[in-house]
Amino acid sequence: EKAGYKHFMLKEIHEQSQAIIDTFRSAVDLNRGEIRLDDLNLDGKGVAGIRKICLIACGTSYHACMVGKYMIENMCRIPVEVDLGSEFRYRGPLLGQDTLLVVISQSGETADTRAALQEGLEKGAVCRAIVNVVGSSLVRMAGGVIYTHAGPEIGVASTKAFTAQLVALYLFGLYFAVASGRLDRQELSAYIQELIELPRKVSDILARSEELSGLARRFMNCRDFLYLGRGILYPIALEGALKLKEISYIHAEGYAAGEMKHGPIALIDEQMPVVVLMQKGPLFEKMLSNVQEVKARGGQVIALVEGKADERIGPPENRFLIPESSPWLAPVLFTVPLQLLAYQIAVLRGTDVDQPRNLAKSVTVE
Ligand code: M6R
């Protein structure tokens with residue numbers, strides 16, 4: 001059932017190109033150049049009545065919400081709030097009929113996410129869900145759904161469900177942007193093209209897994225890791241750190257790179273690997289100055305770099321190159337090597353990768 005893989009997690013990491021295809025296949029109508037989200041149950045009139053979107057989830061799915069905020073606010077020019085399921089109902093959220101509340105969950109059963117959705121229903125918000133498991137509680141509660149077609153995810157550490165969630169959010173952003181007149185046909189077809197090219201880029205990264213094994217061996221005994229990202233890759237820094245801590249039990253923290261000077265820089269010394277996520281574009285030079293700051297304090301930089309290698313970043317053995325893509329899809333591509341790195345380190349440390357201690361696949365109690 002592991003199809004020759006040593007762990008479900010590794011199998012599921014490798015299933016990501018297919019999960020992405022399966023998630024967008026039914027939504028992308030290539031002949032008409034349209035995005036169709038039939039199960040979402042939100043037509044043009046419904047979209048026109050929305051003034052604010054709330055994205056809510058727990059754990060890894062929460063990181064997808066954070067990425068979703070960057071995507072949707074930019075594509076649709078509508079305010080997006082992001083909340084943890086466990087916090088939402090306790091902050092007295094301002095909701096009404098013009099609020100679209102979207103919960104995101106692999107299992108569709110997470111207790112705090114359900115409670116957040118219940119809060120939305122009680123306050124009259126328009127409630128929808130992005131879910132992997134067909135017929136789960138969240139699907140039954142929400143007025144419509146976008147399914148991530150990732151297939152069953154057995155490993156406790158979420159991998160393919162997460163990248164499929166990012167694709168579902170991309171589809172949702174495009175759909176909403178078209179419905180609200182923010183995106184014309186030509187722009188839409190360029191965005192769709194980027195999506196169609198994504199699975200091959202994911203496969204390219206997977207085929208290069210071995211490039212990470214030297215890093216895994218060098219850093220497997222470190223006590224702490226820092227992950228830094230900016231913009232849409234900030235949530236991916238959080239996700240990379242979560243993957244590592246869940247399965248390897250190494251303490252890891254994700255930070256917005258601009259926050260480094262405001263505290264975590266105090267931790268940096270020769271023992272501290274710092275994983276930097278370097279997206280091409282306006283934030284690249286800013287990340288580069290983070291790299292220089294880390295090096296100046298003797299820290300060890302592990303750089304994921306989109307596009308071409310840049311000599312200023314450090315020696316090739318500390319770099320992993322990420323294929324270029326649209327800024328909204330780069331989070332998918334940066335996630336894959338972070339999953340692989342966490343996986344390889346955990347295997348070297350001999351932990352129970354698929355069933356890490358103290359964790360449950362689905363957290364159905366508060
Ligand atoms: O099933 P859900 O997506 O609602 O689960 C949410 C979290 O419990 C889940 O993402 C958890 O953080 C994973 N162990 C992350 O790998």
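## Conventions

Helices (H or I, at least four residues) and strands (E, at least two) are DSSP runs, numbered from the N terminus. The structure is a predicted model, in which local features need pLDDT of at least 70 and side-chain atom pairs count only at pLDDT 80 or more, whereas totals for chains, interfaces and linings use all residues. Residues are numbered from 1 along each chain as its sequence is written, and side-chain values use heavy atoms, with hydrogens and water left out.

## The shell around the ligand

The ligand is surrounded by 13 residues, where a residue is near a molecule if one of its heavy atoms lies within 4 Å of it; the closest are S61, S105, Q106, T110 and E246. Helices α4 (59–76) and α11 (234–248) each supply at least two residues of this shell, and α4 gives the most, with three residues.

By residue class the shell divides into three nonpolar, eight polar and two charged residues, with Ala, Val, Leu, Ile, Met, Phe, Trp, Tyr, Cys and Pro counted as nonpolar, Asp, Glu, Lys and Arg as charged, and the others, Gly among them, as polar.

## Polar atoms and burial of the ligand

An oxygen atom of the ligand lies 2.6 Å from an N or O atom in the side chain of S61, and an oxygen atom of the ligand is likewise 2.6 Å from an N or O atom in the side chain of S105. For T60 a polar backbone atom is involved, at 3.1 Å from an oxygen atom of the ligand. Taken alone the ligand exposes 410 Å², of which the protein buries 92%; accessible areas come from the Shrake-Rupley method with a 1.4 Å probe, and for residues only the protein chains shown count as cover.

The ligand sits in the largest pocket. On a 1 Å grid over the protein atoms alone, a pocket is an open set of points where a 1.4 Å probe fits, with protein on both sides within 12 Å along at least five of seven lines, and a molecule sits in a pocket if more than half of its atoms lie within 2 Å of its grid points.

## S61 in helix α4

S61 has its place in helix α4 and counts as buried because its relative accessibility is 8%; buried means under 20% relative accessible area, exposed over 50%, and partly exposed in between (1.4 Å probe, protein chains only). The side chains of S61 and Q165 are joined by a polar contact of 3.0 Å, that is, a pair of N or O atoms within 3.5 Å, of which, within protein, one must be able to donate a hydrogen and the other to accept it, while residues adjacent in sequence count only if both atoms are side-chain atoms.

Most residues other than glycine have a negative phi. A3, although not a glycine, has a positive phi of about 50 degrees; A3 is found in the segment before α1 (8–14) and counts as exposed, since its relative accessibility is 60%. Y249, also not a glycine, has a positive phi of about 65 degrees, and is found in the loop between α11 and β9 (251–256), where Y249 counts as partly exposed at 28% relative accessibility.

I192 lies in helix α9 (residues 185–207) and is buried, at 5% relative accessibility. A360, in the segment after α13 (330–349), is partly exposed at 45% relative accessibility, and the C-alpha atoms of A360 and L304, 56 residues apart along the chain, are separated by 30 Å.

Key: On a 1 Å grid over the protein atoms alone, a cavity is a set of points where a 1.4 Å probe fits but cannot get out, and a pocket is an open set with protein on both sides within 12 Å along at least five of seven lines; lining residues have an atom within 4 Å of a point.
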